[in-house]
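Please read this briefing alongside the sequence and the model. It opens with a single residue and then goes on, topic by topic, to contacts within and between chains.

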Amino acid sequence: MLDAILSPEFFSSILRLTTPILFATLAATIAAKSGIINMALEGIMLFCALFGVIFSSLTGSAWLGLLLTLIAGGLIGYILAFFVLKLKTDEIIAAIAINLIAAGGTVLLMLAFSGDRGNSASIISFQTPRINIVGLGKIPFLGEVLSNHNILTYFSLISVVILHFLIYKTPLGLKIRAVGENKDAAESVGISSQKVQFIALIISGVLAAAGGFFLSGGYMTKFTTNMTAGRGYIALAASSMGGNTPIGGLLVSIIFGTAQALANAMQLSTLPSELVQMLPYLVTIVGLGFYSYRLKKKHERLSGK
Amino acid sequence: MSNTTKFNVFRTAVAIIIALAISFGIILLVSEEPVTAILKLITGPLQKSRYFGNVIEAMIPLIFTGVGVSIMFTANQINLAGEGSFHIGGLVASVIAIYVTLPLGLHPIVCILLAGLAGSVVTLIPALMKVKTNADELVSSLMINYLVLFFCNFILLKVIRDPVTGAGSYLLPKSASLSVIFSGTRIHTGLILAILVALLGYLFLYKTKIGYEIRLTGENEKFAKYSGINVVKVVLISQLVGGFICGIGGGVEILNPIYDRFTWAGLLGYGWDAIIILTLAKKNPLYVPVSAFFLAYLRTGASIMARATDVSAEIVLIIQGIIIVLIVANQFLSKYKNKMIEKEAKKNLNIKEAE
């Protein structure tokens, strides 16, 4: 058991399991920075997991499939923004609606394309490649952990840097933060809060789409019903625990990835697997409690109580 | 009927019509026999009394979670653990039914009450976390649902599984199950309980002091606090009561005479269904049975359609999604609403001038 956990394969699996959660967490972060809770991540990921299979199969290329899937994700983000910002729908209810439509729509679409309700195995789809970074694989242990991952795993890590830069170093990022902190103050200095939130939700949709594509076109080449299994919700928790910052989100995502990898490794042990499966969610709840408690105390201190 | 109510009814109707129209469009695209499919979806439940009985039967769990979640949401707590409450309610009722022997009339009552208590515990966790640590109840309740699911799977597979059947629990004794009211259908005594819960839920929210405090807290927490309401208490009680009702719902559902074993291996989604029900019913428990009927009718129609044609029943989820998003969209048909207000104002003005 301990041997299995200390092996490079185990650490490598952490990175693999972190990838979809990290993408979704970043998606939650950018939306939260603009002041919107994007609970539709679950639905966007689910839709895009299926779209990945369909698009890569139709175009015959993993890359084109990925591109189209990212566009589709951005489009769903746009639709969510349209309902929330233009039609003034409650953001949670709009998200629940998108998640419901995704749960039903993916089954219908898959049935139409593959004739199967359970998974899309009959559709021939393509995977984005695994890559070996020159020289990295030669480092003992660490090399085995870090190299030979799907290219999307590296993309997810790069996205953390890009998003951090976007939020903290660009004029758009400043606007997003301003709108998220105080919409009225931002409006008063001439920022169109609606435009900024639209952009944030579209970026959020694209990031969630990358996470969804990774599920069905990253380490496997098929879509299965409800394959997101709550990762979109975990991402909301991860983003909130990470203080809604990309770097914080990365750290918390790795914790979840580790919890999931542990759960997978422990399924081979004598412990009941159902209890082990609770681990990632338990970690989330306890972590969220601690984080929120600390934040609450800090606020109380600052407000001089 | 005031103009606002009239407008709300009108808007709900338009939302439903648009959602149905879109789903007909989808059926036309995916089906080889679209006309039969649409007919089955719309008129299927009316074709046989047994089918209509299925509609009424399907209403029962929807009423419970609809009322429970309405009460939780009225306090402005987006607590989504009603799903978990329902699931654990089903498990607890099964465990009590299997291991405790009680006289005929008492057995289901004890099972259902304990199911309710278990349901309360589940919704209370996010509420306590909110009150004590300020943790967002939306996020924590979503995680709780998965915890509950895996915990129930553990009990199902490692404790109450009947080795003879494979995936199901030991037989639920007949002494614990509810009885059928109308023979020839599957409508059981749970229906009476569900209607009762809807009535009591209405009285609780609209005719008691604590109900008033819950509504006030939900509308404006700061104002409620300044008017001397103990907001913490109000939040906890509302979540406790809501979870209790969802838990009862799970208990009643598993004691439905058609089930003879506990077999739920995944979340059933009644907690999410509650969201569409409460948007249709405007969070008023009194209207919950009506919206539950609508949803149950649609579901039953869809499953009849799925059996008879090549369209799968999941299309209902799409209809549901479109309906709730349109009903909650404040700006949807708002131009029409403004016109209606304008017209009424003009009319009033004319009356005044005439005087």
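A:Asn119 counts as partly exposed because its relative accessibility is 22%, where buried means under 20% relative accessible area, exposed means over 50% and partly exposed lies in between, with a 1.4 Å probe and protein chains only. This is a predicted model, in which local features need pLDDT of at least 70 and side-chain atom pairs count only at pLDDT 80 or more, while totals for chains, interfaces and linings use all residues. Residues are numbered from 1 along each chain as its sequence is written, chains are lettered from A and ligands numbered from 1 in the order in which they are written, and side-chain values use heavy atoms, with hydrogens and water left out.

**Two residues of chain A**

- A:Asn119 is placed in the loop between H5 and strand S1 (130–131) of chain A; helices (H or I, at least four residues) and strands (E, at least two) are DSSP runs, numbered from the N terminus.
- Leaving aside residues up to four places away in sequence, A:Asn119 touches A:Met110, A:Ser114, A:Lys222, A:Phe223 and A:Thr224, contact meaning heavy atoms within 4.5 Å.
- Between the C-alpha atoms of A:Asn119 and A:Met227 there are 9.5 Å, and the two residues are 108 residues apart along the chain.
- A:Val286 belongs to helix H14 of chain A, and with a relative accessible area of 44% A:Val286 is partly exposed.
- The C-alpha atoms of A:Val286 and A:Ser147 are separated by 32 Å, these residues being 139 residues apart along the chain.

**Salt bridges**

- Over all chains the count is five salt bridges, each being a side-chain nitrogen of Lys or Arg within 4 Å of a carboxyl oxygen of Asp or Glu.
- In chain A, a salt bridge joins A:Lys297 to A:Glu300, with the closest N and O atoms 3.5 Å apart; both residues lie in helix H14 (residues 279–302) of chain A, three residues apart, which is about one turn of the helix.
- In chain B, the side chains of B:Lys130 and B:Glu137 meet in a salt bridge at 2.9 Å, N to O, where B:Lys130 is partly exposed with a relative accessible area of 24%, whereas B:Glu137 counts as buried at 5% relative accessibility.
- Another salt bridge of chain B brings together the side chains of B:Asp273 and B:Arg299 at 2.7 Å, N to O. This pair links distant parts of the chain, since B:Asp273 is in helix H11 (residues 270–280) and B:Arg299 in helix H12 (residues 288–308) of chain B, 26 residues apart.
- B:Asp273 is buried, having a relative accessible area of 4%, while B:Arg299 is partly exposed at 25% relative accessibility.

**Aromatic rings**

- A search of the whole structure gives 14 aromatic pairs over all chains; rings of Phe, Tyr and Trp (its six-membered ring) pair if their centres lie within 6.5 Å, and planes under 30 degrees apart count as stacked, over 60 as edge-to-face and the rest as tilted.
- The rings of B:Phe262 and B:Trp264 form a tilted pair, because their planes stand at 50 degrees, and their centres are 5.3 Å apart.
- B:Phe262 counts as buried at 0% relative accessibility, and B:Trp264 is buried as well, with a relative accessible area of 4%.
- A cluster linked by ring pairs is made up of B:Phe86, B:Phe262, B:Trp264 and B:Tyr270.

**A covered helix of chain B**

- Helix H13 (residues 315–328) of chain B has 14 residues and should span 20 Å at 1.5 Å a residue, which agrees with the 20 Å between its end C-alpha atoms; the expected span is 1.5 Å times one less than the number of residues.
- H13(B) is mostly covered, as 13 of its 14 residues are buried.

**The interface of chain A and chain B**

- The contact takes 43 residues from chain A and 45 residues from chain B.
- Across this interface of chain A and chain B the rule finds zero salt bridges.
- H5(A) gives the most to the side of chain A that touches chain B, contributing 14 residues.
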